Amino acid sequence: MGLIPEEFISDLLHRADIVEIIREYVPLKKQGQNYVGLCPFHSEKTPSFVVSPHKQIYHCFGCGKGGNAFSFMMEKNGGNFVDAVHAVAKRYGVNVPQTEKSPEKAKQDKLRDRYFKINELAARFYRNALHGSSGQDALAYIKKRDLNTETQENFMLGYAPAGWNNLSKFLLDKGVSQHDLILLGLSIISQRGTLVDRFRNRLMFPIADDRGRIIGFGGRVLDDSQPKYLNSPETPLFYKGKHLYGLNLAKASIRKWDQLIIMEGYMDVIMAHQHGITNCIGSLGTALTANQARLMMRYTYNTSICFDSDAAGQKAALRGLDILEQCGCRLSVITIPQGKDPDEYIRKQGKDAFEELIVKAKPFLEYKLLRLMEKYNPDTVEGKIQVIEKLLPDMQKITSPLARQAFVQVIAEKLVFPETAIYAELRKFSGVNRNNKQDREVKRKCTSIHALEKAQRALLKLVLEYPEVISKVEAWGGKELFNHTLLKEIYQNNYLMRQAGHNIKANDLVTLLDNPDSQQLLTEILIEEDSPGDVKRIFNDCLINLRLDYINNKIIEKSSLMSKYEESGDVTKSLEIMSQIQQLVKEKQSLATTLRKGGILNEN
Ligand SMILES: [Zn+2]
């Protein structure tokens, strides 16, 4: 399939009316400039779903979902962007034109299609073998593990026969080249120089991408030989740490329940699905990667981890959680009692019992606290202090004062230790970990972080609504004024499009943002009521405050650079940087004067 020309997409977006489109799914009532209704994406009794005919976007203040006409169609019908464009085009009775792909892209796509077809053939071969005469033991094993026929089909389970080259011969006969067999990791060259199957006498788990195309395989032994599990090597379709097992089957449920559960093994995931817990996926290896975290976050922010309850599983869980936490997921840990793995627990105790465990999942930090309490004796003062000391870095990292307070309360309760003493330790820890000047700056930043974010949002809203102010913002630092990653991304996308001469509207910008979080943040900002007051004054206030913050950060950065040059004895460099700092201090003073003269709008 070719590409849809961009002008067509943009024209269609301007031709379509989001109120008309959404009305076909959701009853809407006029309220002021906007329309409101019950959100189709989460269940609610009072409407928090707002559609703006003026900006041609929607936003739900309950679940945060938001976007333009295309986002709505994608969210509602579960298809991709191209499907959404086709659906909207059909609604307005227009044909979707297509441009030709570049020859190189066409060649690449053709190659990938060929690889997918070969994997498909291999999976079919394995499946037939499972139901053939050689697959009796494998089938018996599957039955012993209580996997029903429907599950076997859904997960495309198969069997790699015991001989040396059954699959290789089969695929060579089908016209697949030896080169492709090796490239896709299906065959290897033996020490004697012959072509042999990589997977022999193993139960086979095809691994699909999020669109259900087979990218690789996992194979499990039926006896005690080693390795117990063997996966495809890196191939043009399969990269280590980039995929998640079962995502193709789980993604609809993940979206629906706005939560996913990540497990370790193929069998865990399969058993969960068989019992109707269909938002489970497998990590394909023990340690989660940032790539996998990002893939998960395309579907939800709420992640529960459910690894084996043995020591190795717990350690892997902690490591995976650190990565997920860094990526901004909301995390919890599901603990399985009695040292069982998820597969066995679900098989023996059933769906209801496992759902109880989901409800009892512990937030990440609380889980860490409990693990530490097992390691150190919390009945002794010494043990309590050891646990607290281990948690200090985590406590320090929590930027929201409320969240930090809540966590300190939990620690105090569980350890039976005074909150004030924990705060004292935390202060001591923060003191040791920073020099005083920086500490003061960090404190200043923490207390005003909320006000700064508010200023960034307000400034971005003005930039989007009054494009003529962009040049002034650029002169004052442009994207550098935004330290909030998503706000920065939105600002920069808008700026670059304007720079390229496109007169884009709010709903175009939604299409341009790849990241669903920035899309949602954008619609939230746009649909919010305008701040009351003089627009010009709000604009100047935001700009000055953000510029001041930018300068403060620059001064800290340059100061530490200067001390480095001083230590190494590079006088010229350190003088050069000193004069830069003086320049910044001067600018800061003059900005402060402007602020005093003009007054500041109250930030509350
Ligand atoms: Zn909602």
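**The open sheet and its surroundings**

Modeller: The protein chain is divided into domain 1 (6-91), domain 2 (104-231), domain 3 (247-360), domain 4 (369-433) and domain 5 (439-598), with bounds taken from an automatic or database domain assignment. Numbering starts from 1 along each chain as its sequence is written. The model is predicted, so local features need pLDDT of at least 70 and side-chain atom pairs count only at pLDDT 80 or more, while totals for chains, interfaces and linings use all residues.

Between domain 1 and domain 5 the C-alpha centres lie 31 Å apart. Domain 1 gives 17 residues to their contact and domain 5 gives 11 residues; two residues are in contact if their C-beta atoms, placed from the backbone, lie within 7 Å. On the domain 1 side, α1 (6-15), β3, β4, β5 and α3 (69-77) are the elements that give two or more residues. Helices (H or I, at least four residues) and strands (E, at least two) are DSSP runs, numbered from the N terminus. This side of domain 1 has 6 nonpolar, 9 polar and 2 charged residues. Here Ala, Val, Leu, Ile, Met, Phe, Trp, Tyr, Cys and Pro count as nonpolar, Asp, Glu, Lys and Arg as charged, and the others, Gly among them, as polar.

Now the sheet itself. It is open, with 5 strands in the order β1-β2-β3-β4-β5 and antiparallel pairing. The edges are β1 (29-31) and β5 (66-67); each has a single partner strand, so one side of each is left without a neighbour in the sheet. Two strands pair if DSSP finds at least two bridges between them. Strand β3 (residues 49-52) is joined to strand β4 (residues 57-60) by 4 bridges, in the antiparallel sense. Within that pair, Val51 has Tyr58 of β4 as its bridge partner. Helix α23 (residues 516-527) packs on the sheet and touches β3, β4 and β5, its direction making about 100° with that of β4. Such axes are lines fitted to C-alpha atoms, for helices over the stretch in contact, and angles run from 0 to 180 degrees between N-to-C directions.

Is Val36 buried, exposed or partly exposed? Val36 counts as partly exposed because 18 C-beta neighbours lie inside 10 Å. The cut-offs, with C-beta atoms placed from the backbone, are 20 or more others within 10 Å for buried, 12 or fewer for exposed, and partly exposed in between. Beyond its neighbours within four places in sequence, Val36 touches Leu28, Lys29, Gln31, Pro47, Phe49 and Val50. Ser52 is 16 residues from Val36 along the chain, and their C-alpha atoms are separated by 8.9 Å.

Strand β9 (residues 202-208) and β10 pair in the antiparallel sense over 7 bridges, with Phe205 facing Gly218 in β10 as its bridge partner. Their hairpin has 5 residues between the strands, and Gly212 there takes a positive phi near 85°. Strand β11 (residues 229-231) runs antiparallel to β10 and is joined to it by 3 bridges; Gly219 stands opposite Leu230 in β11. In β10 (residues 214-221), 6 of the 8 residues are buried, so this strand is largely enclosed by the rest of the structure.
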